[in-house]
Amino acid sequence: MTFTGRWERGILRIVVIGLGSMGKRRIRLLKQIDETIEITGVDTRDDRRHEAENLYGIAVCGDLQTAFDRGCDCAVISTSPLSHAVLIDKCLRQGLHVFTELNLVTDQYDENISLAAEQGRVLFLSSTFLYRDEINYIRQKVAESRSDLTYSYHVGQYLPDWHPWENYTEYFVGDSRTNGCREIMAIDFPWLYKTFGQFRSVSVKKGKKTSLKTTYNDSYVLLVEHTSGVQGSIIADVVTRKATRAFEVFGEDLYISWDGTPFGLKRYDIETKQLSAVNLYEAADALHQPGYAEYVVENAYKKELEIFLGEIEGREKSEYGFEDDAYILSVIDKIERD
């Protein structure tokens, strides 16, 4: 896929802001999508700039204005969530289309939505699970079901294991405003909402179950009901020593389970009484990056970048926007307060 015709010299120029693990992933995937894309990386840390330059052969700089002066059409914001709002504003005012990772807070949402509309620019929010083939399969089968459905879902991983290469107190999951459980909910609630409807009611049990040096609850047990009438139980925690993603949805005409991995989706055939794997990927397509849990695959991260670039060209539309996210974060805010 090549993106040409609307850009200076026919080359799409993207600034990737933040060269940590997510920034490097976005650079790697952008190069897979179209090797002609001209990428500039921005980070205040010398070590991250040098690593990105050596790994990917991109131009790097230590401040955003230098990147703007070089010329760019789009921005991919991969910094810590609390910095996103100001960076989005700066990029939109520069006339850039903006792709941003999870924000986890609604700082300047109304202002940035309005600014993007005024500038006629795409403002795209990552919601990676909505671009997973397994999620799309579950959504389709739920929509086809004529039963009253119920689901159970447990997502957990011990916080120090998230980024083994850095201390959990030294990046955003150590901050109570952008804590680990909040990120889990912000990742998974969007697809649950798109699959089952808005959250009509949520009952909460929560607590701190570890000796970790955090100031927030690290375990949540939720009973939820959606506007569709579907009920569910959700456990979100940063306690579980084995990285876990365990989902089941069931009713009289449907049973699906998923362990979060590309080849862990199963459906029960009511006619044959057999539980069978649902294979949606070729083995080579289920890309997994070493150092992450096995359910963290690259495909959906690449797909949402492709949708972002396609939306700029008027060919695609995102699954999930800032308005949706404002709603989801309001639900999470209430869960944390109750």
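Helices (H or I, at least four residues) and strands (E, at least two) are taken here as DSSP runs, numbered from the N terminus. The model is predicted, so local features need pLDDT of at least 70 and side-chain atom pairs count only at pLDDT 80 or more, while totals for chains, interfaces and linings use all residues. Residues are numbered from 1 along each chain as its sequence is written, and side-chain values use heavy atoms, with hydrogens and water left out.

**Overall dimensions**

The protein contains nine helices and 14 strands. Taken along the principal axes, its C-alpha atoms fill a box of roughly 60 × 45 × 40 Å. The radius of gyration is taken over C-alpha atoms, and the globule rule is 2.2 Å times the number of residues to the power 0.38. For 338 residues a compact globule would have a radius of gyration near 20 Å, and the protein, with 20 Å, agrees.

Strands of a sheet pair through backbone hydrogen bonds, either parallel or antiparallel. Two strands are counted as paired if DSSP finds at least two bridges between them. Axes are lines fitted to C-alpha atoms, for helices over the stretch in contact, and angles run from 0 to 180 degrees between N-to-C directions.

Strand 1 (residues 13-17) pairs with strand 4 (residues 74-77) in the parallel sense over four bridges. Within this pair, Val15 stands opposite Ala75 of strand 4. Contact means heavy atoms within 4.5 Å.

Another open sheet has eight strands in the order 8-9-10-7-11-12-13-14, and its pairing is mixed. Strand 8 (199-207) and strand 14 (274-277) are the edge strands, each pairing on one side only. Neighbouring strands of this sheet are turned by 15 degrees against each other on average, direction ignored.

Strand 12 (residues 254-258) and strand 13 (residues 265-269) pair in the antiparallel sense over three bridges. Ser257 has Lys266 as its bridge partner in strand 13. Helix 6 (residues 133-144) lies across strand 11 (244-251), strand 12 and strand 13, and runs at about 165 degrees to strand 12.

**Cavities and a pocket**

The search uses a 1 Å grid over the protein atoms alone: a cavity is a set of points where a 1.4 Å probe fits but cannot get out, a pocket is an open set with protein on both sides within 12 Å along at least five of seven lines, and lining residues have an atom within 4 Å of a point. Grid points are joined across faces, edges and corners, and a volume is the space filled by probe spheres set on the points. For the lining classes, Ala, Val, Leu, Ile, Met, Phe, Trp, Tyr, Cys and Pro count as nonpolar, Asp, Glu, Lys and Arg as charged, and the others, Gly among them, as polar.

Over the whole structure, two cavities of 30 Å³ or more are found.

| Space | Volume | Lining by class |
|---|---|---|
| Largest cavity | about 50 Å³ | seven nonpolar, three polar, one charged residues |
| Second largest cavity | about 40 Å³ | eight nonpolar, no polar, one charged residues |
| Second largest pocket | about 220 Å³ | seven nonpolar, two polar, five charged residues |

Residues lining the largest cavity include Pro81, His84, Ile88, Asp107, Tyr109 and Phe322. Helix 4 (84-93) and helix 5 each supply at least two residues of this lining, and helix 4 gives the most, with three.

The second largest cavity is lined by Tyr153, Val155, Ile184, Met185, Asp188, Phe189, Ile234, Ile235 and Ala236. Strand 7 (150-156), helix 7 (180-196) and strand 10 (231-237) are the elements that give two or more residues to its lining. Helix 7 gives the most, with four residues.

The second largest pocket has 14 lining residues, of which Leu123, Lys317, Gly321, Phe322 and Glu323 are the closest to its centre. Helix 5 (109-119) and helix 9 (322-337) each supply at least two residues of the pocket lining. The largest share, three residues, comes from helix 5.
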